[in-house]
Amino acid sequence: MAQQLLIELQDVSFQYEFTQVLTDISLTVREGDFLALLGPNGSGKSTLLKIILGLLKPTKGTVKLFGEPSSTFKHREWIGYVSQKSNSFNAGFPATVKEVVTSGLTKKIGLFKRHLPNQQELVINSLKAVGMEQFANRNIGELSGGQQQRVFIARALVAEPKLLILDEPTVGIDHENVQSFYDMLTNLNEQHHMTMILVTHDVDTVASSISHVACLNQTIHFHGYKDDYDSLSEDQLNAWYGHAVRKIHHDNKVKQK
Amino acid sequence: MIESILHYDFLQNAFLSGIIIGIIAPLLGVFIVVRRLSLIADALSHVTLAGIAGSLYISQSFAALATLNPIYLGIISAVGGSVFIERLRRLYKHFEELAIPIIMSAGLGMSAIFISLAQGFSTDLFSYLFGSVSAVSRQDLWIVLGIALLVLVFISMFYKELFVLSFDEEYAKASGLPAKTIHLFFMIVTALVIAASMRIVGILLVSSLITLPVAASIRIAKGFKQTIFFAILFGELAVVVGLVTAFYLNLAPGGTIVVTSILILLFVIIGKKMVMTIRAKN
């Protein structure tokens, strides 16, 4: 069975006033892919994600989501999103972890409806998936940065999205937990067939679960299978990024447990 | 006191309006405070004043409109102001708070013109500025009730959307919620609550009933629903104690309600600190 195209960007360019941020980006993501989006700071990674999420409109080019033009795409609940260590959220906000995770169901429940019949179960399950069920009734502001980030992932998972987009999700999570965090992503991808787009610097840790790699620095320099990316020379990568970068190594610990 | 309330229509009007406002102002206030829009509520109340002053001037100048209830023009200018604030906030994306002084000075400036044109309408205006126990008419009560129903329907219909929008606006937009539309409705509803509350607490003190009970509630509540519950509880307490005191001591209820709110707030802050200290010792 041919895998469905979940994301299809064609010649997408974007500029903020006079600064060109993205130039002629063409990128496809298929069902079941685990795409790592790599690029230095200021390479336009977050902007690209915002275009995919419909938060920004490209100045040129077309975006298709699940085969439909982004502008008429109605099923945003199919796409889960975890932003960079939520700068958008207000830390003093008086809400419990449970309330925050439940808010991830808003689009799925739909306007003018209150809740889903199995809502309680969905919320508890997604908290379990990130190991935060014992914090369900705590206020979100009382948690550490890493715990908060887990709650935001639970919020994205609760609506059972087909595609999960994570923007540097391990920033703020302590080192020991990063590994188990990536195990969780691998599990979601392999067992639950959830498609993943991961923007990251932790290329070493995550490597084995990644199927595809895209290198971005204003434009896409490379997009293909991870194995092909691995065979690229360091010089080549350095030329694209303008400085030395680490490469993904095969001998990581993800699956050695 | 209860006897007087049963006996006098004006007291019934004031108390019933007060009790209704004690629910809707803190309820909406929770959303206003967590979205950091408290100052915008304050600015809107000054725009409402322009509408009230304008209406009082019109009533004075045109005999045919002498009985016009100023609350109508107050509502219209508050709603107009709320839409205008949104425009300004989008126009000055990087200076969002700039909308507040613009709207506030526009409101006060127009009020000053109308007040001086009319060469003062002291008693009436005073009751609009600081609230009144005796000036609430039956018609005012019906308007307050109508606005309250609208607010309750709006909040219960859009509760989950308002929650997401308040907690994390970017996430709300990314999940495809009609953020702009809901926000515009929210601002209009805020304007309506301000117009409804001014009869009791007065224009200059409206924002206190929206923010002070919430400020106290946030200190002790667990979760969002509890924050709403305590905010309404504190709001009600402030309104009832404030109105009774105002009635017996012949004071402006705006003042007594605000002072009661402040006392509740201090009590909560100090009480919480004491509980924390005792817990730490054990």
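Predicted model: local features only at pLDDT ≥ 70, side-chain atom pairs only at ≥ 80, totals over all residues.
Local features are taken at pLDDT of at least 70 and side-chain atom pairs at pLDDT 80 or more, while totals for chains, interfaces and linings use all residues. Residues are numbered from 1 along each chain as its sequence is written, and chains are lettered from A and ligands numbered from 1 in the order in which they are written.

**View 1. Chain A and its confidence.** Chain A holds nine helices and 10 strands. Helices (H or I, at least four residues) and strands (E, at least two) are DSSP runs, numbered from the N terminus. The mean pLDDT of chain A is 83, and 87% of the residues score at least 70. Here pLDDT is the predictor's confidence in each residue, from 0 to 100. Within chain A, confidence is highest in H2(A), at 94. It is lowest in helix H7 (residues 203-206) of chain A, at a mean of 62. Over residues 250-257 of chain A, pLDDT stays under 50. For that stretch the model has 13 contacts beyond four places in sequence. Two residues are in contact if their C-beta atoms, placed from the backbone, lie within 7 Å. Among contacts in chain A between residues at least 6 apart in sequence, 69% join residues at least 24 apart.

**View 2. The antiparallel sheet of chain A.** Four strands of chain A make an open sheet, ordered E2-E1-E4-E5, with antiparallel pairing. Two strands pair if DSSP finds at least two bridges between them. Strand E2 (19-30) and strand E5 (68-69) of chain A are the edge strands, and each pairs on one side only. Strand E1 (residues 5-16) and strand E4 (residues 60-65) of chain A are joined by five bridges in the antiparallel sense. One pair to find: Ile7(A) has Leu65(A) in E4(A) as its bridge partner.

View 3. E6(A) and E7(A) run parallel and are joined by four bridges. Gly80(A) has Leu164(A) in E7(A) as its bridge partner, and Tyr81(A) stands opposite Ile165(A). E7(A) also pairs with strand E8 (residues 195-199) of chain A, in the parallel sense, over five bridges. Across that pairing, Leu166(A) stands opposite Leu198(A).

View 4. E7(A) is mostly covered, with five of its five residues buried. A residue is buried if 20 or more other C-beta atoms lie within 10 Å of its own, exposed if 12 or fewer, and partly exposed in between; the C-beta atoms are placed from the backbone. One side of E7(A) has Leu163(A), Ile165(A) and Asp167(A); the other has Leu164(A) and Leu166(A). In E6(A), Ile79(A) and Tyr81(A) lie on one side, Gly80(A) and Val82(A) on the other, and all are buried. In chain A as a whole, buried residues make up 42% of the 257 residues.

**View 5. Helix H5 of chain A.** H5(A) covers residues 145-157, and its 13 residues should span 18 Å at 1.5 Å a residue. The expected span is 1.5 Å times one less than the number of residues. The end C-alpha atoms are 18 Å apart, which agrees. Because 11 of the 13 residues are buried, H5(A) is largely enclosed by the rest of the structure. The buried residues include Arg150(A), Phe152(A), Arg155(A) and Leu157(A). They pack against strand E6 (79-82), H2, helix H4 (119-129) and strand E7 (163-167) of chain A.

**View 6. Phe181 in helix H6 of chain A.** Phe181(A) is found in helix H6 (residues 175-191) of chain A. Phe181(A) counts as buried because it has 23 C-beta neighbours inside 10 Å. Phe181(A) and Ala36(A) are 145 residues apart in sequence and 15 Å apart in space, C-alpha to C-alpha.

**View 7. The largest nonpolar core.** This core has 160 residues. A nonpolar core is a set of buried Ala, Val, Leu, Ile, Met, Phe, Trp, Tyr and Cys residues joined through C-beta atoms within 7 Å. Ile165(A), Leu28(B), Leu192(B) and Val193(B) have the most contacts inside it. Helix H2 (residues 9-34) of chain B gives the largest share, 13 residues. Leaving aside residues up to four places away in sequence, Leu192(B) touches Ile75(B), Val79(B), Ile147(B), Leu150(B) and Val151(B).

**View 8. The contact between chains A and B.** Chain A brings 23 residues to the contact and chain B brings 22 residues. On the side of chain A that touches chain B, helix H2 (97-102) and helix H3 (106-109) of chain A are the elements that give two or more residues. H3(A) gives the most, with three residues.
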